Amino acid sequence: MQKIIKYSFFDLIRSRWALFYGIFFLLFTGVLLAFSTDLSKVIISLMNVVLVLCPLIATMFGAMYYYNTSEFRELLLAQPIRRRSIFWGQFIGLSLSLTLSLLVGMGIPFVVYGIFASAQIWNFIILIGIGIALSMIFAALAYLIAMVNTNQIRGFGIAILVWLFFALIYDGIFLILLSVFSAYPLDSASLAGSLLNPIDLARILILLKLDISALMGYTSAVFNKFFGTVSGMLISAIVLGLWIVIPGILIQRVSARRDF
Amino acid sequence: MFGRTSLIIHHPSTMITIHNLIKSYGKLEVLRGIHLELKEPGVTAILGPNGSGKTTLLKCLLGMVIPQHGQIIFDGRDIRNDWQYRRYLSYAPQIAKFPNNLTILEFLEMIKDIRGVSSTAEQRYIHLFDLASHLKMRLGTLSGGTKQKVNLTAALMFDAPYLFLDEPIAGLDPVALIRFKDLLKEEKAKGKQIILTTHIMSIVEDLADEILFILDGKIYFRGTLSELLERYQEPTIERAIARILNPGFQDIDITPQPRENLTSQPEMSN
């Protein structure tokens, strides 16, 4: 599997897209840091970008990578390698290249700024961490969607819809339900609801860390009240982990039954 | 059996058994109960019309396509959920599809690395197929014939006892074709089990020890070339196959028609 990871990773970081993605974050973070003196405000601005953009870019990358490597995968399938090594290898290679773009793009400006000497270091690490987690989750979902849809346009369409659903539509439906059923106690329902959306979970995780109750919104506040800050963060981190592992296992299971 | 030469050195184990293989894609039944036992090394040519299931059969043997029913046994090992057996086989796919951004050299190094093989056997095939001047070119920029040469090099360089070739000579120039035939004879003499699919009958006449004719997902004929010709009472393999596909097959009348017949055709007007 290491060899598959190696070839997938080097193939991806040589692509223009990975470069653009890294440069975008480099410029964006650099500009924010240059014009702001308050690190926590920069981290909150970046949080909003990370919550929307990382899933979108990972969705595009995941689907594109699956379709672009069909030849390579067919070649690998005829070699003495386990099927699951091929698919896990590609997924990990993809995740690593997204992680590298994010780390380099956001990391360099912060390091130059002197984040290591700052009290905000942990907030920054959490920000990078959720960026990586969201990238892996949406890359896995898009890869899985591409795998079950041989039609590329359909595959891309569904993958983008899934992103749109979690980034926008889900919260809309959630708010409507909350207002419709406002006469009932909704704490546990809203807790469950936020566990089912990785973007919400990531938002809760970082807001709990930043401890900004004004920005928390209903679900984060419930989360905070219910679990407290530390266990709330721990639980959201674990569920985010599950959001990576479960699509990963589904990729393995679907690939085991597919014909190539 | 099947006219194979007795001079060949038998590889210790090159036996494939296929038992009642069934594969369908949705409602389309591609393989409808294939039974096959290949005991003797040599070249087996799988023939059949387009869509008859030749490639699907090869892909089942490779573990790329998973049959709904049936068993495939390589040297006594059931290949279902196995991957180690692929160490002993090489495959050249029908349409040579490669990662387009790699050069030939990088590609060959990569599959050697993936298979964990460090030999330099590819040098010989690079020389024989005249690929030396293309080695630094990206695979995406190569012509169909050159890609096919790379495809064959990648299949032959591992010296695996099983060799599966799907339409191996498509796009090859005459020099490469002669080289390929010689190489295949050499591989055969090593005692390998070689299975190829093709639509080009000259290669069957030159190389095949045995012919498998697949029609509608079943083995319709199995035997040597002379047995095929004898059974269908035809002088050439093309005609024997035409006879299988269409029992009432007759040559079209190619005697020139009288001129007045031609001119009496209704005229095409604008």
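Chain B contains nine helices and 10 strands, where helices (H or I, at least four residues) and strands (E, at least two) are DSSP runs numbered from the N terminus. The model is predicted: local features need pLDDT of at least 70, side-chain atom pairs count only at pLDDT 80 or more, and totals for chains, interfaces and linings use all residues. Residues are numbered from 1 along each chain as its sequence is written, and chains are lettered from A and ligands numbered from 1 in the order in which they are written.

Of the 270 residues in chain B, 37% are buried. A residue is termed buried if 20 or more other C-beta atoms lie within 10 Å of its own, exposed if 12 or fewer, and partly exposed in between, with C-beta atoms placed from the backbone. Among the contacts in chain B with a separation of 6 or more, 70% join residues 24 or more positions apart; two residues are in contact if their C-beta atoms, placed from the backbone, lie within 7 Å.

One open sheet of chain B has six strands in the order β6-β7-β8-β3-β9-β10, with mixed pairing. Two strands are taken to pair if DSSP finds at least two bridges between them. At the edges are β6 (89-92) and β10 (218-223) of chain B, each of which pairs on one side only. From one strand to the next the twist averages 15°; axes are lines fitted to C-alpha atoms, for helices over the stretch in contact, and angles run from 0 to 180 degrees between N-to-C directions. The pairing of β6(B) with β7 (residues 162-166) of chain B is parallel and comprises four bridges, and S90(B) is placed opposite L163(B) in β7(B). Helix α1 (residues 54-62) of chain B packs on this sheet, where it touches β3 (42-47), β6, β7, β8 (193-197) and β9 (210-215) of chain B. The direction of α1(B) makes about 150° with that of β7(B).

A second open sheet in chain B consists of four strands in the order β2-β1-β4-β5, with antiparallel pairing. Its edge strands, β2 (28-38) and β5 (77-78) of chain B, each have a single partner strand, so one side of each is left without a neighbour in the sheet. Strands β1(B) and β2(B) run antiparallel and are joined by eight bridges, with S24(B) opposite E29(B) in β2(B). The hairpin of β1(B) and β2(B) has two residues between the strands, and G26(B) takes a positive phi near 60° there. On β2(B) lies L28(B), which counts as exposed because it has 9 C-beta neighbours inside 10 Å. L28(B) is 30 residues from L58(B) in sequence and 18 Å from L58(B) in space, C-alpha to C-alpha.

Five bridges link β1(B) to β4(B) in the antiparallel sense, and T17(B) stands opposite I73(B) in β4(B). Strand β4 (residues 69-74) of chain B is in turn joined to β5(B) by two bridges, also antiparallel, and the bridge partner of I73(B) in β5(B) is D78(B). Helix α1(B) lies across β1 (16-25), β2 and β4 of chain B, and runs at about 60° to β2(B).

Between the chains, 19 residues of chain B are in contact with 16 residues of chain A. The side of chain B that touches chain A receives the most from helix α2 (residues 104-115) of chain B, which gives five residues. The residues of this side are 12 nonpolar, two polar and five charged, with Ala, Val, Leu, Ile, Met, Phe, Trp, Tyr, Cys and Pro counted as nonpolar, Asp, Glu, Lys and Arg as charged, and the others, Gly among them, as polar.

In chain A, the 20 residues of helix α2 (residues 16-35) should span 28 Å at 1.5 Å a residue, which agrees with the 28 Å between its end C-alpha atoms; the expected span is 1.5 Å times one less than the number of residues. The buried residues of α2(A) are A18(A), Y21(A), G22(A), F25(A) and T29(A). Seen down the axis of α2(A), these buried residues fall within an arc of 95°, so they line one face of the helix; the arc is that of the directions from the helix axis to the C-beta atoms. The cover over the buried residues of α2(A) includes α1 (2-13), α3 (39-68) and α5 (83-113) of chain A. Exposed residues R16(A), F20(A), L27(A), V31(A), A34(A) and F35(A) are carried on the face of α2(A) turned away from its buried side.

Helix α6 (residues 121-148) of chain A has 28 residues and reaches 41 Å from its first C-alpha to its last, close to the 40 Å expected at 1.5 Å a residue. This helix, α6(A), is mostly covered, with 22 of its 28 residues buried.
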